[in-house]
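User: Could you take a close look at one part of this model for me? I'd like the surface patch and the stretch of chain around it, with a bit of reasoning along the way.

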Amino acid sequence: MSEGWLGRDVISILDFDREDLEVLFEEADRMKSLLANGSVPKTLSGRIVALAFFEPSTRTRMSFEAAAKRLGAETIGFTSEEGISVAKGESLADTVRMLDSYADLIVLRHRYEGSALYAAEIAVHPVINGGDGRQHHPTQAMLDLYTVREAHGVIDGLTYGVLGDLRYGRAATSFILSLGLFKPRRVYLIAPPSLEPRAEVMMLIERLGIPAVKARLEDVIGELDVLYVTRIQRERFPDPEEYERVRGAYRVTPSTLEGAKRDLIVMHPLPRVDEIDPRVDSTPHAWYFRQARNGVPVRMALLNLVMGGGAS
Amino acid sequence: MRSPDGEEGLVVRKIRHGTVIDHIPVGRALSVLRILGVSLTGPHRIAVLINVESRKIGRKDIVKIEGLEPRLEDLDRIALVAPTATINVVRDYRVVVKRKVEPPREVRGILRCVNPTCITRQEREHVTPRFVRVSLEPLVYQCVYCGSLLTEKEIVEQLTGGVG
Ligand SMILES: [Zn+2]
(Lines give C-alpha, C1' and ligand atoms only; values in the text may rest on other atoms or scores of the structure.)
Protein backbone atom coordinates (compact mmCIF):
# COMPACT_ATOMS: atom_id res chain seq x y z
CA MET A 1 0.00 0.00 0.00
CA SER A 2 1.47 3.33 -1.03
CA GLU A 3 2.07 5.89 1.69
CA GLY A 4 1.53 8.71 -0.76
CA TRP A 5 4.09 11.36 -1.57
CA LEU A 6 3.02 14.42 0.34
CA GLY A 7 5.66 15.63 2.79
CA ARG A 8 7.89 12.59 2.38
CA ASP A 9 11.65 12.61 2.60
CA VAL A 10 13.43 11.09 -0.39
CA ILE A 11 16.56 9.43 0.95
CA SER A 12 16.86 6.08 -0.81
CA ILE A 13 15.03 4.63 -3.79
CA LEU A 14 14.15 1.71 -1.50
CA ASP A 15 12.03 4.03 0.64
CA PHE A 16 9.47 3.71 -2.13
CA ASP A 17 7.47 0.91 -3.67
CA ARG A 18 6.37 0.19 -7.15
CA GLU A 19 3.02 1.85 -6.67
CA ASP A 20 4.70 5.09 -5.52
CA LEU A 21 6.90 5.08 -8.61
CA GLU A 22 3.96 4.45 -10.92
CA VAL A 23 2.24 7.51 -9.43
CA LEU A 24 5.45 9.49 -9.97
CA PHE A 25 5.83 8.34 -13.58
CA GLU A 26 2.26 9.30 -14.43
CA GLU A 27 2.84 12.72 -12.90
CA ALA A 28 6.07 13.01 -14.93
CA ASP A 29 4.16 12.13 -18.11
CA ARG A 30 1.74 14.93 -17.28
CA MET A 31 4.59 17.37 -16.63
CA LYS A 32 6.20 16.41 -19.90
CA SER A 33 3.13 17.22 -21.91
CA LEU A 34 2.58 20.47 -20.00
CA LEU A 35 6.19 21.41 -20.82
CA ALA A 36 5.66 20.53 -24.47
CA ASN A 37 2.55 22.72 -24.59
CA GLY A 38 4.26 25.54 -22.73
CA SER A 39 1.38 25.51 -20.25
CA VAL A 40 2.88 24.49 -16.89
CA PRO A 41 0.72 25.81 -14.07
CA LYS A 42 2.58 27.59 -11.27
CA THR A 43 1.46 25.11 -8.64
CA LEU A 44 4.40 25.89 -6.33
CA SER A 45 4.12 29.65 -6.58
CA GLY A 46 5.19 31.32 -3.32
CA ARG A 47 7.15 28.26 -2.20
CA ILE A 48 10.92 28.10 -1.68
CA VAL A 49 13.20 25.19 -2.50
CA ALA A 50 16.69 25.18 -0.92
CA LEU A 51 19.44 23.63 -3.06
CA ALA A 52 22.34 22.75 -0.78
CA PHE A 53 25.07 21.30 -2.96
CA PHE A 54 28.22 20.71 -0.96
CA GLU A 55 29.63 18.65 -3.82
CA PRO A 56 30.07 19.70 -7.42
CA SER A 57 27.05 19.01 -9.58
CA THR A 58 25.76 20.62 -12.70
CA ARG A 59 23.00 18.36 -13.95
CA THR A 60 21.30 17.42 -10.74
CA ARG A 61 21.40 20.93 -9.32
CA MET A 62 20.32 22.69 -12.50
CA SER A 63 17.56 20.24 -13.26
CA PHE A 64 16.18 20.68 -9.73
CA GLU A 65 16.43 24.43 -10.15
CA ALA A 66 14.71 24.33 -13.54
CA ALA A 67 12.04 21.98 -12.17
CA ALA A 68 11.30 24.24 -9.19
CA LYS A 69 11.18 27.38 -11.35
CA ARG A 70 8.94 25.82 -13.97
CA LEU A 71 6.41 25.18 -11.22
CA GLY A 72 6.70 28.73 -9.96
CA ALA A 73 8.85 28.08 -6.85
CA GLU A 74 11.81 30.24 -5.86
CA THR A 75 15.18 28.62 -5.18
CA ILE A 76 17.88 29.54 -2.68
CA GLY A 77 21.08 27.77 -1.76
CA PHE A 78 24.67 27.32 -2.73
CA THR A 79 26.89 25.39 -5.08
CA SER A 80 30.00 23.43 -4.28
CA GLU A 81 32.56 26.26 -3.89
CA GLU A 82 30.34 28.25 -1.57
CA GLY A 83 29.34 24.95 -0.01
CA ILE A 84 32.94 24.30 0.87
CA SER A 85 33.19 27.58 2.73
CA VAL A 86 29.97 26.78 4.54
CA ALA A 87 31.43 23.38 5.33
CA LYS A 88 34.54 24.94 6.81
CA GLY A 89 32.88 26.93 9.51
CA GLU A 90 29.63 25.25 10.33
CA SER A 91 28.30 21.81 11.02
CA LEU A 92 25.95 20.24 8.50
CA ALA A 93 23.34 20.12 11.25
CA ASP A 94 23.44 23.90 11.70
CA THR A 95 23.37 24.54 7.96
CA VAL A 96 20.32 22.29 7.64
CA ARG A 97 18.55 24.08 10.52
CA MET A 98 19.17 27.40 8.80
CA LEU A 99 17.89 26.21 5.41
CA ASP A 100 14.93 24.53 7.06
CA SER A 101 13.90 27.87 8.52
CA TYR A 102 14.09 29.61 5.13
CA ALA A 103 12.67 27.02 2.75
CA ASP A 104 9.78 24.58 2.26
CA LEU A 105 12.00 21.76 1.04
CA ILE A 106 15.73 21.00 1.00
CA VAL A 107 17.64 19.21 -1.74
CA LEU A 108 21.00 18.10 -0.36
CA ARG A 109 24.12 16.75 -1.96
CA HIS A 110 27.00 15.94 0.35
CA ARG A 111 30.08 13.77 0.24
CA TYR A 112 29.40 11.90 3.48
CA GLU A 113 27.24 8.79 3.34
CA GLY A 114 24.21 9.19 5.57
CA SER A 115 24.21 12.99 5.37
CA ALA A 116 20.75 13.12 3.78
CA LEU A 117 19.18 10.82 6.38
CA TYR A 118 20.80 12.86 9.12
CA ALA A 119 19.51 16.10 7.54
CA ALA A 120 16.02 14.59 7.32
CA GLU A 121 16.13 13.77 11.03
CA ILE A 122 16.93 17.41 11.79
CA ALA A 123 14.72 19.24 9.28
CA VAL A 124 11.00 19.79 9.74
CA HIS A 125 10.54 20.14 5.98
CA PRO A 126 11.09 17.32 3.50
CA VAL A 127 14.67 16.53 2.47
CA ILE A 128 15.50 15.15 -0.97
CA ASN A 129 18.81 13.35 -1.30
CA GLY A 130 20.67 14.71 -4.31
CA GLY A 131 23.47 12.19 -3.70
CA ASP A 132 25.21 11.22 -0.45
CA GLY A 133 28.78 10.08 -1.02
CA ARG A 134 28.91 6.70 -2.67
CA GLN A 135 25.57 5.63 -1.21
CA HIS A 136 22.26 6.81 -2.70
CA HIS A 137 21.06 8.88 -5.64
CA PRO A 138 17.33 8.21 -5.59
CA THR A 139 16.19 10.92 -8.02
CA GLN A 140 18.66 9.66 -10.61
CA ALA A 141 17.20 6.17 -10.23
CA MET A 142 13.69 7.62 -10.65
CA LEU A 143 14.53 9.30 -13.94
CA ASP A 144 16.48 6.23 -15.07
CA LEU A 145 13.50 3.92 -14.53
CA TYR A 146 11.25 6.50 -16.17
CA THR A 147 13.54 6.46 -19.21
CA VAL A 148 13.45 2.65 -19.43
CA ARG A 149 9.65 2.77 -19.25
CA GLU A 150 9.59 5.41 -21.99
CA ALA A 151 11.86 3.42 -24.29
CA HIS A 152 10.47 -0.07 -23.74
CA GLY A 153 6.98 0.63 -22.40
CA VAL A 154 7.79 -1.62 -19.42
CA ILE A 155 10.43 -2.11 -16.73
CA ASP A 156 9.52 -5.73 -15.89
CA GLY A 157 10.78 -8.65 -17.91
CA LEU A 158 13.77 -6.89 -19.43
CA THR A 159 17.43 -7.89 -19.33
CA TYR A 160 19.71 -5.25 -17.92
CA GLY A 161 23.47 -4.82 -18.00
CA VAL A 162 25.04 -2.37 -15.56
CA LEU A 163 28.57 -1.52 -16.57
CA GLY A 164 31.24 0.42 -14.74
CA ASP A 165 31.95 1.37 -11.16
CA LEU A 166 29.41 -0.61 -9.17
CA ARG A 167 31.37 -0.12 -5.94
CA TYR A 168 31.70 3.63 -5.47
CA GLY A 169 29.21 4.85 -8.06
CA ARG A 170 25.96 5.83 -6.34
CA ALA A 171 23.99 6.15 -9.60
CA ALA A 172 24.79 2.55 -10.61
CA THR A 173 24.03 1.24 -7.12
CA SER A 174 20.72 3.10 -6.89
CA PHE A 175 19.75 1.91 -10.37
CA ILE A 176 20.52 -1.75 -9.55
CA LEU A 177 18.59 -1.59 -6.28
CA SER A 178 15.66 0.22 -7.92
CA LEU A 179 15.21 -2.82 -10.16
CA GLY A 180 14.39 -4.73 -6.97
CA LEU A 181 11.06 -2.87 -6.92
CA PHE A 182 10.20 -4.39 -10.31
CA LYS A 183 10.59 -7.80 -11.94
CA PRO A 184 13.58 -7.69 -14.28
CA ARG A 185 14.34 -10.89 -16.19
CA ARG A 186 18.04 -10.63 -15.40
CA VAL A 187 20.54 -8.02 -14.24
CA TYR A 188 24.11 -8.48 -15.36
CA LEU A 189 26.69 -6.82 -13.16
CA ILE A 190 29.61 -5.90 -15.40
CA ALA A 191 32.50 -4.45 -13.43
CA PRO A 192 36.23 -4.85 -12.98
CA PRO A 193 36.82 -7.10 -9.92
CA SER A 194 37.89 -4.17 -7.75
CA LEU A 195 34.68 -2.30 -8.59
CA GLU A 196 32.09 -4.98 -7.87
CA PRO A 197 29.22 -3.99 -5.54
CA ARG A 198 29.96 -3.61 -1.84
CA ALA A 199 28.99 -6.36 0.61
CA GLU A 200 25.94 -4.47 1.87
CA VAL A 201 24.73 -3.91 -1.69
CA MET A 202 25.16 -7.60 -2.52
CA MET A 203 23.18 -8.38 0.63
CA LEU A 204 20.33 -6.12 -0.52
CA ILE A 205 20.41 -7.57 -4.05
CA GLU A 206 19.91 -11.01 -2.52
CA ARG A 207 17.20 -9.88 -0.10
CA LEU A 208 15.26 -8.08 -2.81
CA GLY A 209 15.50 -11.17 -5.00
CA ILE A 210 17.12 -9.28 -7.87
CA PRO A 211 18.22 -11.88 -10.45
CA ALA A 212 21.73 -10.46 -10.64
CA VAL A 213 24.77 -12.27 -12.01
CA LYS A 214 28.29 -11.11 -12.73
CA ALA A 215 29.20 -11.14 -16.40
CA ARG A 216 31.51 -9.80 -19.07
CA LEU A 217 29.95 -7.40 -21.58
CA GLU A 218 31.04 -9.34 -24.66
CA ASP A 219 29.33 -12.48 -23.34
CA VAL A 220 25.91 -10.90 -22.75
CA ILE A 221 25.62 -7.96 -25.14
CA GLY A 222 23.23 -9.89 -27.44
CA GLU A 223 20.75 -10.47 -24.58
CA LEU A 224 20.50 -6.92 -23.26
CA ASP A 225 17.50 -4.61 -23.51
CA VAL A 226 19.20 -1.93 -21.41
CA LEU A 227 22.90 -1.21 -21.03
CA TYR A 228 23.52 1.22 -18.17
CA VAL A 229 27.03 2.66 -18.33
CA THR A 230 28.64 4.68 -15.55
CA ARG A 231 31.74 6.74 -15.17
CA ILE A 232 34.63 5.70 -12.97
CA GLN A 233 34.93 8.57 -10.51
CA ARG A 234 38.38 9.26 -9.22
CA GLU A 235 37.09 10.92 -6.05
CA ARG A 236 35.34 7.72 -4.93
CA PHE A 237 38.60 5.80 -4.76
CA PRO A 238 40.34 5.59 -1.39
CA ASP A 239 43.49 4.57 -3.27
CA PRO A 240 44.69 6.57 -6.33
CA GLU A 241 46.68 3.57 -7.59
CA GLU A 242 43.53 1.48 -7.70
CA TYR A 243 41.93 4.23 -9.78
CA GLU A 244 44.79 4.23 -12.29
CA ARG A 245 44.48 0.46 -12.70
CA VAL A 246 40.81 0.45 -13.71
CA ARG A 247 40.33 3.68 -15.63
CA GLY A 248 39.81 3.05 -19.25
CA ALA A 249 39.19 -0.62 -18.47
CA TYR A 250 36.03 -0.49 -20.55
CA ARG A 251 34.68 1.60 -23.38
CA VAL A 252 31.49 1.18 -25.40
CA THR A 253 32.02 1.67 -29.13
CA PRO A 254 29.90 0.95 -32.22
CA SER A 255 31.74 -2.36 -32.57
CA THR A 256 30.92 -3.31 -28.94
CA LEU A 257 27.28 -2.96 -29.93
CA GLU A 258 27.49 -5.02 -33.12
CA GLY A 259 25.78 -8.10 -31.70
CA ALA A 260 23.19 -6.11 -29.76
CA LYS A 261 19.40 -6.31 -30.07
CA ARG A 262 17.94 -3.64 -32.33
CA ASP A 263 16.05 -2.00 -29.51
CA LEU A 264 18.86 -2.09 -26.94
CA ILE A 265 19.07 1.27 -25.20
CA VAL A 266 22.38 2.59 -23.86
CA MET A 267 21.99 4.80 -20.79
CA HIS A 268 24.48 6.88 -18.82
CA PRO A 269 23.82 9.27 -15.90
CA LEU A 270 26.31 11.74 -17.47
CA PRO A 271 28.73 13.40 -17.54
CA ARG A 272 30.70 10.80 -19.43
CA VAL A 273 34.45 10.83 -19.81
CA ASP A 274 35.44 8.19 -22.33
CA GLU A 275 33.21 5.25 -21.39
CA ILE A 276 31.01 5.80 -24.46
CA ASP A 277 32.57 6.54 -27.81
CA PRO A 278 30.89 9.67 -29.33
CA ARG A 279 30.26 7.61 -32.47
CA VAL A 280 27.59 5.75 -30.47
CA ASP A 281 25.65 9.03 -30.12
CA SER A 282 24.24 8.85 -33.63
CA THR A 283 23.06 5.24 -33.31
CA PRO A 284 19.46 4.44 -32.32
CA HIS A 285 20.88 2.83 -29.16
CA ALA A 286 21.93 6.16 -27.67
CA TRP A 287 19.37 7.09 -25.03
CA TYR A 288 21.56 9.04 -22.59
CA PHE A 289 20.62 12.48 -23.88
CA ARG A 290 16.90 11.66 -23.71
CA GLN A 291 17.56 10.24 -20.26
CA ALA A 292 19.15 13.53 -19.17
CA ARG A 293 16.20 15.49 -20.57
CA ASN A 294 13.87 13.44 -18.38
CA GLY A 295 15.58 14.95 -15.33
CA VAL A 296 13.40 18.06 -15.36
CA PRO A 297 9.92 16.50 -15.78
CA VAL A 298 10.68 13.74 -13.26
CA ARG A 299 11.96 16.25 -10.70
CA MET A 300 8.99 18.52 -11.40
CA ALA A 301 6.72 15.56 -10.70
CA LEU A 302 8.63 14.78 -7.52
CA LEU A 303 8.54 18.35 -6.20
CA ASN A 304 4.88 18.70 -7.07
CA LEU A 305 3.94 15.47 -5.28
CA VAL A 306 6.10 16.03 -2.19
CA MET A 307 5.20 19.70 -1.83
CA GLY A 308 1.53 19.16 -2.58
CA GLY A 309 1.33 21.38 -5.63
CA GLY A 310 -1.72 19.53 -6.91
CA ALA A 311 -2.91 19.44 -10.49
CA SER A 312 -4.24 22.94 -11.15
CA MET B 1 26.55 -33.94 42.41
CA ARG B 2 26.96 -33.95 38.64
CA SER B 3 29.56 -31.65 37.19
CA PRO B 4 28.02 -28.96 34.95
CA ASP B 5 28.08 -29.45 31.22
CA GLY B 6 31.45 -29.32 29.63
CA GLU B 7 33.79 -28.73 32.49
CA GLU B 8 35.66 -31.89 31.60
CA GLY B 9 36.42 -32.71 35.17
CA LEU B 10 38.45 -29.53 35.62
CA VAL B 11 38.10 -28.80 39.29
CA VAL B 12 36.47 -25.47 39.79
CA ARG B 13 34.84 -24.72 43.08
CA LYS B 14 31.22 -23.72 43.01
CA ILE B 15 30.71 -20.07 43.71
CA ARG B 16 28.60 -18.80 46.54
CA HIS B 17 27.55 -15.38 45.25
CA GLY B 18 28.34 -14.21 41.77
CA THR B 19 27.93 -14.94 38.11
CA VAL B 20 28.64 -17.84 35.80
CA ILE B 21 28.70 -16.96 32.13
CA ASP B 22 28.50 -20.11 30.06
CA HIS B 23 28.48 -20.92 26.33
CA ILE B 24 30.89 -18.13 25.44
CA PRO B 25 32.38 -18.63 21.94
CA VAL B 26 35.93 -19.99 22.25
CA GLY B 27 38.50 -17.30 22.76
CA ARG B 28 36.06 -14.63 23.97
CA ALA B 29 36.22 -15.26 27.75
CA LEU B 30 38.68 -12.46 28.36
CA SER B 31 36.64 -10.10 26.16
CA VAL B 32 33.63 -10.80 28.34
CA LEU B 33 35.65 -10.06 31.48
CA ARG B 34 36.86 -6.82 29.96
CA ILE B 35 33.28 -5.76 29.17
CA LEU B 36 32.31 -6.45 32.77
CA GLY B 37 35.22 -4.29 33.87
CA VAL B 38 36.69 -7.18 35.82
CA SER B 39 40.41 -6.92 36.37
CA LEU B 40 42.47 -10.09 36.31
CA THR B 41 44.42 -8.85 39.31
CA GLY B 42 41.56 -8.40 41.72
CA PRO B 43 39.54 -7.88 43.74
CA HIS B 44 37.19 -10.60 42.41
CA ARG B 45 38.00 -14.27 42.47
CA ILE B 46 37.66 -15.47 38.88
CA ALA B 47 37.68 -18.84 37.16
CA VAL B 48 38.16 -18.87 33.42
CA LEU B 49 37.72 -22.06 31.41
CA ILE B 50 38.90 -21.85 27.86
CA ASN B 51 38.13 -24.23 25.02
CA VAL B 52 36.10 -26.81 26.90
CA GLU B 53 33.62 -29.20 25.33
CA SER B 54 30.01 -28.16 24.98
CA ARG B 55 27.01 -30.18 23.91
CA LYS B 56 25.40 -27.04 22.51
CA ILE B 57 28.12 -25.20 20.63
CA GLY B 58 31.00 -27.64 20.18
CA ARG B 59 33.69 -25.85 22.16
CA LYS B 60 33.19 -22.95 24.49
CA ASP B 61 34.62 -20.74 27.20
CA ILE B 62 33.15 -20.24 30.65
CA VAL B 63 33.82 -17.54 33.23
CA LYS B 64 32.88 -17.55 36.89
CA ILE B 65 33.17 -14.43 38.95
CA GLU B 66 32.73 -14.50 42.67
CA GLY B 67 30.99 -11.51 44.20
CA LEU B 68 29.82 -9.74 41.03
CA GLU B 69 26.44 -9.51 39.34
CA PRO B 70 26.31 -8.01 35.85
CA ARG B 71 24.58 -4.69 35.39
CA LEU B 72 21.69 -4.60 32.96
CA GLU B 73 23.61 -2.36 30.57
CA ASP B 74 26.42 -4.91 30.37
CA LEU B 75 24.11 -7.56 28.93
CA ASP B 76 23.84 -5.99 25.47
CA ARG B 77 27.59 -5.64 25.26
CA ILE B 78 28.11 -9.23 26.33
CA ALA B 79 25.57 -10.30 23.72
CA LEU B 80 27.55 -8.44 21.07
CA VAL B 81 30.81 -10.28 21.77
CA ALA B 82 29.30 -13.56 22.98
CA PRO B 83 25.92 -13.97 21.25
CA THR B 84 25.51 -17.56 22.48
CA ALA B 85 26.25 -16.84 26.14
CA THR B 86 24.02 -17.78 29.05
CA ILE B 87 24.20 -15.77 32.22
CA ASN B 88 23.63 -17.47 35.57
CA VAL B 89 23.39 -15.32 38.62
CA VAL B 90 24.23 -17.29 41.77
CA ARG B 91 23.18 -16.43 45.29
CA ASP B 92 23.92 -18.79 48.16
CA TYR B 93 25.15 -21.49 45.76
CA ARG B 94 21.84 -21.41 43.87
CA VAL B 95 21.20 -20.15 40.36
CA VAL B 96 18.55 -17.47 40.88
CA VAL B 97 18.58 -15.99 37.40
CA LYS B 98 19.39 -17.89 34.24
CA ARG B 99 19.08 -16.19 30.91
CA LYS B 100 20.40 -16.38 27.40
CA VAL B 101 21.70 -13.11 26.10
CA GLU B 102 20.22 -11.78 22.88
CA PRO B 103 22.08 -9.45 20.53
CA PRO B 104 19.77 -6.41 20.33
CA ARG B 105 17.88 -5.72 17.11
CA GLU B 106 19.06 -2.15 17.20
CA VAL B 107 22.17 -0.72 18.83
CA ARG B 108 22.51 3.00 19.58
CA GLY B 109 25.97 4.24 20.42
CA ILE B 110 28.28 1.49 21.76
CA LEU B 111 29.57 0.59 18.28
CA ARG B 112 31.38 2.73 15.75
CA CYS B 113 30.84 2.66 11.98
CA VAL B 114 33.79 1.22 10.02
CA ASN B 115 33.35 3.67 7.14
CA PRO B 116 35.46 6.82 7.65
CA THR B 117 33.21 8.88 5.33
CA CYS B 118 30.03 7.92 7.21
CA ILE B 119 28.23 10.95 8.68
CA THR B 120 28.44 9.29 12.11
CA ARG B 121 32.24 9.46 11.95
CA GLN B 122 32.34 13.25 11.51
CA GLU B 123 33.25 14.67 14.88
CA ARG B 124 31.72 18.04 14.18
CA GLU B 125 28.28 16.53 13.63
CA HIS B 126 27.70 14.63 16.89
CA VAL B 127 25.53 11.94 15.30
CA THR B 128 24.83 8.96 17.57
CA PRO B 129 25.71 5.87 15.52
CA ARG B 130 22.80 3.49 15.00
CA PHE B 131 22.99 -0.07 13.79
CA VAL B 132 20.43 -2.73 12.99
CA ARG B 133 21.08 -6.45 13.28
CA VAL B 134 20.98 -8.04 9.84
CA SER B 135 22.28 -11.51 10.73
CA LEU B 136 22.45 -13.51 13.94
CA GLU B 137 24.80 -16.27 12.88
CA PRO B 138 27.33 -14.93 12.15
CA LEU B 139 26.46 -11.74 13.96
CA VAL B 140 26.33 -8.82 11.53
CA TYR B 141 25.08 -5.28 12.11
CA GLN B 142 24.44 -2.58 9.53
CA CYS B 143 24.94 1.16 9.94
CA VAL B 144 21.58 2.88 9.54
CA TYR B 145 23.23 5.95 8.01
CA CYS B 146 25.71 4.63 5.46
CA GLY B 147 24.73 0.97 5.12
CA SER B 148 28.18 -0.40 5.98
CA LEU B 149 28.25 -3.84 7.56
CA LEU B 150 29.94 -4.48 10.87
CA THR B 151 31.12 -8.07 11.34
CA GLU B 152 31.35 -10.03 14.57
CA LYS B 153 35.13 -9.79 14.47
CA GLU B 154 35.00 -6.01 14.12
CA ILE B 155 32.48 -5.79 16.95
CA VAL B 156 34.72 -7.83 19.28
CA GLU B 157 37.72 -5.68 18.37
CA GLN B 158 35.80 -2.48 19.04
CA LEU B 159 34.37 -3.55 22.35
CA THR B 160 37.46 -5.17 23.78
CA GLY B 161 40.41 -4.02 21.70
CA GLY B 162 42.09 -0.65 21.46
CA VAL B 163 39.32 0.98 19.40
CA GLY B 164 36.70 3.20 21.08
ZN1 LIG C 1 28.05 4.32 8.76
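Analyst: Let's start with a cut-off: a residue counts as exposed when its relative accessible area is over 50%, as buried when that value is under 20%, and as partly exposed in between. Bear in mind that this is a predicted model. B:Leu40 has a relative accessible area of 61%, so B:Leu40 is exposed. You'll find B:Leu40 in the loop of chain B that runs between α1 (29-35) and β2 (46-54). B:Leu40 also belongs to a nonpolar surface patch, which B:Leu30, B:Leu40, B:Val48 and B:Ile50 make together and which covers about 350 Å².

Now for strand β2 of chain B, where B:Asn51 sits. The backbone of B:Asn51 is worth a glance: phi is near 60°, a positive value in a residue other than glycine. With a relative accessibility of 35%, B:Asn51 counts as partly exposed.

Chain B has another residue of this kind, B:His23, with phi near 55°, again positive and again not a glycine. B:His23 belongs to strand β1 (residues 18-24) of chain B.

B:Pro138 lies in the loop between β7 (130-135) and β8 (140-143) of chain B.

Note on methods:
Residues are numbered from 1 along each chain as its sequence is written. Chains are lettered from A and ligands numbered from 1 in the order in which they are written. This is a predicted model: local features need pLDDT of at least 70, side-chain atom pairs count only at pLDDT 80 or more; totals for chains, interfaces and linings use all residues. Side-chain values use heavy atoms; hydrogens and water are left out. Patches are made of residues with over 30% relative accessible area and no salt bridge: like charges are joined within 9 Å, nonpolar side chains (Val, Leu, Ile, Met, Phe, Trp, Tyr) within 5 Å. Accessible areas come from the Shrake-Rupley method with a 1.4 Å probe; for residues, only the protein chains shown count as cover. A salt bridge is a side-chain nitrogen of Lys or Arg within 4 Å of a carboxyl oxygen of Asp or Glu. Helices (H or I, at least four residues) and strands (E, at least two) are DSSP runs, numbered from the N terminus. Buried means under 20% relative accessible area, exposed over 50%, partly exposed in between (1.4 Å probe, protein chains only).
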